Amino acid sequence: MKKTVLIIVGLVLLIGIAGFFQFAPGIAERGMNQIDGEELIAVSDEAKALHETLTIVDLHSDTLLWNRNLLSRANRGHMDLPRLEEGNVALQVFSSVTKTPKGQNYDANTADSDNITLLAVAQLQPARTWTSLLERSLWHAEKLDRAEANSDGELVKVADLGDLDALLQARSGDGPKPVGALLSIEGLHNLEGNIANLGKLREAGFRMASLTHFFDTDLAGSMHGVEKGGLTDRGRAAIKRMEQIGMIVDIAHCSHACVADILAMARRPVVYSHGGVQATCQVNRNLTDEEIRGVAKTGGVVGIGYWDGAVCGTSPRDTAKAMKHVRDLVGIDYVALGSDYDGAVTVRFDTSELVQVTQALIDEGFSADEVRAVMGGNALRVLREDLGPMRAPAEQAEAV
């Protein structure tokens with residue numbers, strides 16, 4: 001009898017463990033990547049027609065973090081290939097998230113804890129990703145490579161100007177329009193103290209990176225860290241190396257001191273991949289007017305998001321108002337999309353419904369050409385400059 005009870009208990013435990021690995025990651029994501037279900041704005045025929053002609057670029061999504069097939073329509077989250085195609089997205093930047101603190105918040109976090117380790121184990125990722133932040137990013141790159149290989153040409157990885165030109169050429173024809181994918185990194189703590197690992201990341205296809213995420217690192221202070229300091233000597237060395245090898249510098253999540261240091265030393269266009277602006281939403285992670293001017297001075301772009309922490313609401317009108325502020329402050333050439341889809345945010349619409357942003361911009365008085373610039377034209381310009389040959393200092397953009 002005792003042996004029978006032990007067997008039954010063992011079976012129950014095994015079933016429980018199997019259920020955890022099968023269902024827990026999906027349950028966790030459903031609780032983090034939500035759509036609020038509030039009413040969408042009415043979309044005109046004019047907006048629909050214009051949207052179909054756009055070349056859309058979104059500068060930030062965390063979809064690779066989650067355990068689902070990028071090529072299939074999911075019943076959770078904000079993004080996958082079918083929804084990217086429905087939204088007419090030409091190029092999506094996919095970020096690699098490798099560490100987040102427990103109790104994550106916008107105000108102050110330490111690096112003493114990590115949520116992603118449990119997620120890596122629960123999703124049955126390779127054991128090397130359980131302990132190495134670098135390997136987590138390399139795993140995300142492998143996931144994208146496999147998706148590209150199995151997509152029958154519908155998803156294409158973009159790693160240089162040749163890839164970008166080929167993508168745009170393919171989309172200009174009458175046939176199927178492939179979706180481009182470019183790899184980014186959310187916080188260079190995945191260097192694990194060794195700047196030489198930038199080379200490994202570049203070899204894997206990464207072409208953009210922010211120095212910090214939700215905690216201070218040996219490179220710089222985070223807007224959500226404890227010290228919130230500027231660049232360290234190691235951080236300055238990382239910036240210089242990134243510019244040399246054609247890796248775009250992203251200032252998202254950097255402390256104000258870090259942002260100031262990067263803008264002062266940048267020799268290439270700098271990107272703020274996702275967030276908002278203080279003028280329309282006074283959240284600490286958002287850019288001040290001075291910082292917006294600094295990004296524009298480098299020739300970079302400000303990617304505006306769709307969630308409450310970025311624009312103080314989830315309506316596309318909130319997003320359009322933040323974009324209008326950037327346009328009115330420094331000009332239309334410096335505004336872009338930065339959704340933060342699948343980044344533990346709640347939004348009003350997923351990527352299949354990006355026409356919501358097109359309509360909101362029209363309603364804010366943006367012309368058709370201005371809408372084209374915001375929805376992708378400006379981001380493409382920056383990609384061409386940053387992925388191209390290194391510029392001499394004298395060729396930097398004039399002050400705005």
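The model is predicted, so local features need pLDDT of at least 70, side-chain atom pairs count only at pLDDT 80 or more, and totals for chains, interfaces and linings use all residues. Residues are numbered from 1 along each chain as its sequence is written, and side-chain values use heavy atoms, leaving out hydrogens and water.

**Stop 1: the disulfides.** The structure holds two disulfides (cysteine sulfur pairs within 2.5 Å). Counting bonded cysteines along the chain, the pattern is 1-2, 3-4.

Select Cys 254 and Cys 258. A disulfide joins them, S to S 2.3 Å. Cys 254 and Cys 258 are buried (under 20% relative accessible area; exposed is over 50%, partly exposed in between, with a 1.4 Å probe and protein chains only).

Now select Cys 281 and Cys 312. Their sulfurs are 2.1 Å apart in a disulfide. The link is right-handed, with 75° about the S-S bond. Cys 281 lies in the loop between β8 (271–275) and α11 (289–298), and Cys 312 in the loop between α12 (308–311) and α13 (316–330), so the pair ties together parts 31 residues apart in sequence. Helices (H or I, at least four residues) and strands (E, at least two) are DSSP runs, numbered from the N terminus. Cys 281 is buried at 1% relative accessible area. Cys 312 is partly exposed at 42%.

**Stop 2: two helices.** Select α14 (residues 355–363) and α15 (residues 368–387). Their axes come within 10 Å and cross at roughly 140° (lines fitted to C-alpha atoms over the stretch in contact; angles run from 0 to 180 degrees between N-to-C directions). Show Val 357, Thr 358, Leu 361 and Ile 362 of α14, then Val 371, Val 374 and Met 375 of α15: these make the contact (heavy atoms within 4.5 Å).
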